[in-house]
Every structure is written in C-alpha cells, then in structure tokens.
Amino acid sequence: MFKKVIAIMTASVLAASMLVGCGGSTGASSSAPAEQKTEEAAPAEAAEPAAEAAAAADGDLASKKVGVCIYQFNDNFMTLYRQELERYLIEQGFAKENITIVDGANDQATQSGQIDSFIADKVDVLIINLVNSSSAATVTDKVVAAGIPLVYINREPDKAEQQRWEDNNWNICYVGCDARKSGTFQGEIIADLGLDAVDFNKNGKIDYIMIEGDPENVDAAYRTEFSVKALTDAGFEVNCLDDQVGMWDQAKGGELVANSLTQYGNDIEVVFCNNDAMALGALQSIKNAGRTVGKDIYLVGVDALTEVVGYVISGEITGTVFNNHFAQADGAADAAIRYLKGEGNEHNIQCDYTKVTQANAQEILDSLQ
Ligand code: GAL
C-alpha cells in the first residue's frame, strides 16, 4: 500500500519555504515553518534499546502495551487517523485494553506529562504525534533513556533530529507523507483549469488567498509553498491577496475567508486551504458572500474528508488531496510491530498522496467507506 523512501528534508527547501506568503500581510511571518531545533541535544543514555526490543519480541502482541499520543483529539484528520490506528493494531493482534490513546489537547506540557506516564507504566512501544515538533529532541532523549522504541507520526521532526536517530542507531522513526506533493497537487488542480477559466477579473494573473495550518506541522509551510510553485511552474502569474493562519480549524478558516472576501471581494479567484477542515469553513463563507465555487471562485483543500469528497463530486469544492490516513496509521503500526519483533525500521517511512478531482472523487469516496 505504501512505499518506503528515505526523505531528506533539505535546508534549502526549509529556507525557501520561509519566503512564502503575501508581503505585508500577517501571513508573511506566519508562513515560516515551525522553529526547528537544530542544535545537537546531548544524546541520552540508551537503556540498551536493541536488547529491550528483542525481549519485547517474546510472547505475542496481545500482551504488549502501546502508548499513543495525539496532538489533539479535536482535529478531523487526526480523528480518522487514530480510529484507523486502533482498528489496525487490534487487527494485528494487540488487545484493546493494552492500547492507550491520549489527547494532548494541543499543549506540549500536557503531552510531555502523558509521555512520562507511559514511560512509568513501562509501555512496550510509543507512537507520538507531537504537539510541538521542536520538542522532538527532548522527547526522544527521555524515551531512548527508557529503552522504549518510538514511532513519530504526522508532525515530522527536523533533519538534525532525524540524523541523531541514524547516528545513534536508535529505535526511532517517522512515518508520514511528503507534504510538498500535496501542495503541488493543489496547484495542479487549479493550473489544469487553465488561465481563461480562473482569471475572472482578466488581469492576467491568478489572484488567490492562502489559509494555512498550524506552523507546528511543516505540512503547512510546504503546502503553502508548493501549491503556488505548481502554478508558477506551469507558467502562470500569481497574485497573493491574503495569507492567514487558520490552525487547521474549520471555524477559524471560515472566519478568515469571510474577512478576506469582505476585503478583496470579487478579486479573489482561488482559495487555497492547507487542509479540508478549513476548506469546509471557507465553503460556508463563500456561500454566505453569494459566491459560487466553479462559477466565480475556486476552492481546494487537503485530506479528502468524506464530506469534502462529496462536495468535490457535486462541484461545490474544486478539489482536494487524499492524505492517506489508512496508509499512515497502518504504516505506523507496522513500524511499531517491527520494533517489537526486534526487526528495526528505516528512520523515515513515507506514504503517498492522491490528487482528488471530480474525475476520481467517487472512486476515492468508495475507498474511504
Ligand atoms: C495534517 C492534516 C491536517 C491536520 C494536521 C495536524 O497532515 O492535513 O488536517 O490534521 O496534519 O498536524
């Protein structure tokens, strides 16, 4: 289902992504990816992780304890993710009562306390969706010191942190998708419509607004950068009217789009949302403003939430990108199992995104059921 590749997040890509955003808007600073911790943290004393993992391989998965930290339960995509993760872990043989999934409530201090409790409880493996990706080194050090294998998900620790896992041969990996691709797909969905169809105000440019996710997930910066890059790579001139941070949240996204529509009115031709929850909020605001997607404005998201795929079929949302929570959750569980069996993992395991337009939306919807 998913293919593995070693993903190297180059410094140049990170640096380039910091330049994205409308000059002068609040988005100029908000477009920068999360402050990535680059200094070397002191390597923790590993409690012989290989030996621990081998010991854990004795007995079957039903007796193994899994601790799962989610950055916050109040997130549409991560809800689908954690439901699939639990389902798949049980299918693989873990006992439901041995799988503990906790809500970090979008607070790193809360999540750090939860990780401490899992360590005290001697879980056999940890799966962590960090609240702050910059906390990775601290979290890694205490988990390594406890001799527990760890699979990071959704919020990718930076390159320097991943290098430490490699250099120290720690049982730590990241499972996720390359968000640059999701941004590129968003841009391509608009580019494929052609300038004539998109350029309603006939200024020769694609006038857009960008609604970004929480910068703690580098997905936000990459989607912002690469959606626009796909347009310029296809030869279009672009004009960023507004760039705001909606924190992946439907209500917040809707509010920001409503404000932009009031300010820029009919000049807005495309609304890029870094995720579908915010696209749902945007759709409501677009309707409230008397605009019609496909007729006088375009709207794209990422995730392929069932509701959004339904709107792609009906033409109320132009397109989205399937952020495959099945492949990511199953991939994370498989990585955890390999650690428990003492097999080890590559340190960066990647999954694929799929572009969703009216042409394949029904097929995607069927695969989500
Ligand atoms: C993204 C996803 C968003 C949100 C975010 C949380 O990959 O597209 O909807 O869930 O992760 O970090």
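Residues are numbered from 1 along each chain as its sequence is written. Because the model is predicted, local features need pLDDT of at least 70 and side-chain atom pairs count only at pLDDT 80 or more, while totals for chains, interfaces and linings use all residues; side-chain values use heavy atoms, leaving out hydrogens and water.

Q: How many helices and strands does the protein chain have?
A: Let's start with the overall build. Helices (H or I, at least four residues) and strands (E, at least two) are DSSP runs, numbered from the N terminus. By that rule, the secondary structure of the protein chain comes to 15 helices and 12 strands.

Q: What percentage of the residues of the protein chain count as buried?
A: Buried means under 20% relative accessible area, exposed over 50%, and partly exposed in between (1.4 Å probe, protein chains only). The protein chain has 369 residues, and the share that counts as buried is 57%.

Q: Where does the ligand sit?
A: Among the 13 residues that surround the ligand, the closest are Asp75, Asn154, Asp219, Arg223 and Asp303; such a residue has a heavy atom within 4 Å of the ligand. A cavity is a set of points, on a 1 Å grid over the protein atoms alone, where a 1.4 Å probe fits but cannot get out. A molecule sits in one if more than half of its atoms lie within 2 Å of its grid points. The ligand sits in the largest cavity.

Q: Which elements give two or more residues to the shell around the ligand?
A: The ligand sits in the largest cavity. Two or more residues of its shell come from each of helix H4 (76-91) and helix H10 (218-233).

Q: How much of the ligand does the protein bury?
A: Polar contacts, meaning pairs of N or O atoms within 3.5 Å, can be found here. An oxygen atom of the ligand is 2.6 Å from an N or O atom in the side chain of asparagine 154, and a polar side-chain atom of arginine 223 lies 2.8 Å from an oxygen atom of the ligand. Taken alone the ligand exposes 310 Å² (Shrake-Rupley method, 1.4 Å probe), and the part that the protein buries is 99%.

Q: Is asparagine 217 buried or exposed?
A: Asparagine 217 is found in the loop between E6 and H10. Because its relative accessibility is 2%, asparagine 217 counts as buried.

Q: Which backbone oxygen does the side chain of serine 285 reach?
A: Serine 285 is found in helix H12 (residues 276-288), and at 8% relative accessibility it counts as buried. Not counting residues up to four places away in sequence, serine 285 touches Gly254, Glu255, Val257, Ala258 and Leu261, where contact means heavy atoms within 4.5 Å. At 2.6 Å, its side chain reaches the backbone oxygen of glycine 254.

Q: What is the relative accessible area of lysine 202?
A: Lysine 202 is found in the loop between helix H9 (195-198) and strand E6 (205-212). Although it is not a glycine, lysine 202 has a positive phi of about 55°. Lysine 202 is exposed because its relative accessible area is 56%.

Methods
A polar contact is a pair of N or O atoms within 3.5 Å; within protein, one must be able to donate a hydrogen and the other to accept it, and residues adjacent in sequence count only if both atoms are side-chain atoms. On a 1 Å grid over the protein atoms alone, a cavity is a set of points where a 1.4 Å probe fits but cannot get out, and a pocket is an open set with protein on both sides within 12 Å along at least five of seven lines; lining residues have an atom within 4 Å of a point.
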